[in-house]
Amino acid sequence: MKVLIIGSGGREHAIAWHLLKSPRVSQVFVAPGNGGTATHEGLSNLNIQAPEELADFASREGIGMTVVGPEAPLAAGVVDAFKARGLAIFGPTKASAQLESSKDFAKQFLVRHQIPTAAYATFEDPQAAHAYIDQQGAPIVVKADGLAAGKGVVVAMTLDEAHTAVDAMLGDGALGQAGARVVIEEFLTGEEASFIVMADGQNILPLASSQDHKRLLDGDQGPNTGGMGAYSPAPIVSPVIHDRIMREVIQPTIEGMASDGLPYSGFLYAGVMIGDGDDATRPIKVLEFNCRMGDPETQPIFLRLRSDLLDALEAATQGRLNEITLDWDPRTALGVVMASANYPDTPRTGDAITNLPQNTDTCVVFHAGTTLDGQTLRTSGGRVLCVTALADTVEEAREDAYAIVDQIQFEGAQFRRDIAWRALKS
């Protein structure tokens, strides 16, 4: 079978890498891909991004399965374009993807279906937003309503930070349509976890638990990013917590989407805040939905997956996900993101990347913001690489990953030194 992966990040490299393991996969195309997928044996990059053109290619080439990686193609309706032609594709429709593409849609959905989440209000008028912030106080969270490539969330610890965030989103138009509306939320305390499942409209297949690190700097300091590292499994997601998230969040979400006439098929990522207390009673609230795998969570999750991903994807597109079970490596996988200079504000590009190691069964360097310039690999985006290692313990996985991070060279590289600090503390 020929397979098509839509996207250009580390998540897409990891999906393509895992699908190559399937004995049933003959070739994997990645559109548009990156420098890593360009040089990975068995992978081919495609310079195509428009939904109809992608559907044309899939039809012409006899693509048997397409997987959508990032959020933008989903919001653009790529799944709708493929399904209109009877092409197998895994991902939610444009209407269902509103769970991610509109924060206000997601919050209204959560409230309507009585799924626990932070208190909130939505604003288009800056003055009303400022008045609400003054009334609520800080800390408080300000979110752009639309897709903002990981830059649309500000966790404001002071009133000044919150007002500045509103001005930046509603005032100067820096985020375009994504910031035409803002959602202002109650600040929640606790420990955040990434809970990702596959869904086929009715059936749900949970993936391994994970936890990522949103802030740029050690100790969870600095600005929010798309994610600076992740590890799997996440100790905070005990069997009791796992069952509660499925029962209190995931199942009512899939059932609620179906009852709203928007059956959900695809990866669904629930970012949940797990409060303090006993596992049976501690509060669990939804922070956000993503309508795709997380990045960088995908990299450590798929390093642990022993099952054939293609079997699960086929079952999901055929509405029989209930027939699939997944086998996971019991070891810990940990990924460290290496970002470019000036990330997340105005990432510098064009820096040469050297000293990349050969991948092994237990250490893989997944590419994100890279491009091939002749024979030279260069940075082309904010998050450049995710160095991912698999080992018996969190400590060993972290040690192995950082040994590779310290080996790789590019000018201005940024990375955190404390990935998985919560797991080591617990």
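## Close-up views of a predicted model

Figure 1. Helix 12 (residues 309-317) lies across strand 10 (191-200), strand 11 and strand 16, and runs at about 65° to strand 10. Helices (H or I, at least four residues) and strands (E, at least two) are DSSP runs, numbered from the N terminus. Axes are lines fitted to C-alpha atoms, for helices over the stretch in contact, and angles run from 0 to 180 degrees between N-to-C directions. Contact means heavy atoms within 4.5 Å. This is a predicted model, in which local features need pLDDT of at least 70 and side-chain atom pairs count only at pLDDT 80 or more, while totals for chains, interfaces and linings use all residues. Residues are numbered from 1 along each chain as its sequence is written, and side-chain values use heavy atoms, with hydrogens and water left out.

Figure 2. Follow the strands in the order 11-10-16-17, with antiparallel pairing. Strand 11 (204-206) and strand 17 (284-290) are at the edges with a single partner strand each, so one side of each has no neighbour in the sheet. On average, neighbouring strands here are turned by 35° against each other, direction ignored. Two strands pair if DSSP finds at least two bridges between them. Strand 16 (residues 265-274) and strand 17 are joined by six bridges in the antiparallel sense. To find one of these, look for Ile274, whose bridge partner in strand 17 is Ile284.

**Figure 3. Helix 7 is largely enclosed.** Seven of the ten residues of helix 7 (residues 103-112) are buried, so the rest of the structure largely encloses this helix. Buried means under 20% relative accessible area, exposed over 50%, and partly exposed in between (1.4 Å probe, protein chains only). The buried residues are Lys103, Asp104, Phe105, Ala106, Lys107, Phe109 and Leu110. They pack against several elements, including helix 6 (98-101), strand 6 (120-123), helix 10 (239-259) and strand 17. Just after helix 7, Gln114 takes a positive phi of about 55°.

**Figure 4. Two prolines follow cis peptide bonds.** Most residues other than glycine have a negative phi, and most peptide bonds are trans. Ala31 and Pro32, however, are joined by a cis peptide bond, with omega about 5°. Pro32 belongs to strand 2 (residues 27-32). The bond from Ser232 to Pro233 is also cis, with omega near 0°, and Pro233 sits in the loop between strand 15 (229-232) and helix 10.

**Figure 5. Two loop residues have a positive phi.** Asp220 is not a glycine, yet its phi is positive, about 55°. You can find Asp220 in the loop between strand 13 (215-217) and strand 14 (221-224), where its relative accessible area of 24% makes it partly exposed. Asn342 has a positive phi near 75° and lies in the loop between strand 18 (332-339) and strand 19 (363-367). Its relative accessibility is 46%, so Asn342 is partly exposed.

**Figure 6. The close-ups in the setting of the whole chain.** The protein chain has 14 helices and 22 strands. Its C-alpha atoms fill a box of roughly 60 × 50 × 45 Å along the principal axes. Buried residues make up 56% of its 426 residues. Among contacts between residues at least 6 apart in sequence, 69% join residues at least 24 apart.
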